[in-house]
Structures are given as C-alpha cells and as structure tokens.
Amino acid sequence: MDVKDSNGALLKDGDSVTIIKDLKVKGTSVTLKRGTRVKSIRLTDDPDEVECSVDKVKGLVLRTEFLKKA
C-alpha cells in the first residue's frame, strides 16, 4: 500500500510533513496554520490518512491531501 502526499511523494512511518492549508481541529478551538511542521507521522490502514501529534493536539489524524513531505 503506497501512501502519497498532495504532491505525489511517497510517505513512510517517521517522516516529517508540512501542512499546506489552515485546518480547524474538530472538538477543539485549535487551528493548525499553513506551514506547520509535523514530525514522526504514523501510517494507518487507510492510505488517505496519517496519525500524528502536534504541540497542541495529541493523537491527531490528518488527511494526506493537506500534507507535503518536508
């Protein structure tokens, strides 16, 4: 199963990615700003989603269409 970012680059466990669009996090008042760097992503069973942790939110699931490999 290949997991690709918004530009088509292959992602793997432990990669760092950058958010390409401001994203509101459901259930919180936190907005992840464009350009935020996310370290140590974990792949899921769904090739369109990755798990990660950001300073403000732990256990976050992000869609790969909003990520760019750093």
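1. A definition first, since the sheet comes up below: two strands count as paired if DSSP finds at least two bridges between them. Strands themselves are DSSP runs of E with at least two residues, numbered from the N terminus. Please also keep in mind that this is a predicted model.

2. Now the pairing itself. Strands S7, S8 and S9 form an open sheet in the order S7-S8-S9, and the pairing is antiparallel. S7 (42-43) and S9 are the edge strands, each with a single partner, so one side of each has no neighbour in the sheet. Between S8 and S9, which run antiparallel, there are four bridges. If you want a place to look, cysteine 52 sits opposite leucine 60 in S9.

3. Stepping back to the whole chain: there are zero helices and 10 strands.

4. On overall dimensions, the radius of gyration is 11 Å, which agrees with the value near 11 Å for a compact globule of 70 residues. The C-alpha atoms occupy a box of roughly 35 × 20 × 15 Å along the principal axes. Of the 70 residues, 31% count as buried. The chain exposes about 4,700 Å², and carbon and sulfur atoms supply 44% of that area.

5. Contacts across the sequence deserve a line too. Taking the contacts in the chain with a separation of 6 or more, 47% come from residues 24 or more positions apart.

6. How many salt bridges does a search of the whole structure find? The search gives four. One of them joins the side chains of lysine 69 and aspartate 15, at 3.6 Å from N to O. Lysine 69 belongs to strand S10 (residues 67-69) and aspartate 15 to the loop between strand S2 (10-11) and strand S3 (17-19), so this pair ties together parts 54 residues apart in sequence. Is aspartate 15 buried or exposed? Aspartate 15 counts as buried, at 11% relative accessibility, whereas lysine 69 is partly exposed with a relative accessible area of 35%.

7. A second salt bridge to inspect is that of glutamate 49 with arginine 63, where the N to O distance is 3.9 Å. Glutamate 49 lies in strand S8 (residues 49-52) and arginine 63 in strand S9 (residues 60-63), so the pair ties together parts that are 14 residues apart in sequence. Glutamate 49 is partly exposed, with a relative accessible area of 25%, and arginine 63 is partly exposed as well, at 34%. The pair is also part of a network of salt bridges that links Glu49, Arg63 and Glu65.

8. Arginine 42 makes a salt bridge with glutamate 51, with the closest N and O atoms 3.7 Å apart. Arginine 42 is partly exposed, with a relative accessible area of 37%, and glutamate 51 is partly exposed at 32%.

9. One backbone detail to check: which value does phi of serine 40 take? Phi of serine 40 is near 55 degrees, a positive value in a residue other than glycine. Serine 40 is in the loop between strand S6 (37-38) and S7, and counts as partly exposed at 43% relative accessibility.

Key: Residues are numbered from 1 along each chain as its sequence is written. This is a predicted model: local features need pLDDT of at least 70, side-chain atom pairs count only at pLDDT 80 or more; totals for chains, interfaces and linings use all residues. Side-chain values use heavy atoms; hydrogens and water are left out. Buried means under 20% relative accessible area, exposed over 50%, partly exposed in between (1.4 Å probe, protein chains only). The radius of gyration is taken over C-alpha atoms; the globule rule is 2.2 Å times the number of residues to the power 0.38. Contact means heavy atoms within 4.5 Å. Accessible areas come from the Shrake-Rupley method with a 1.4 Å probe; for residues, only the protein chains shown count as cover.
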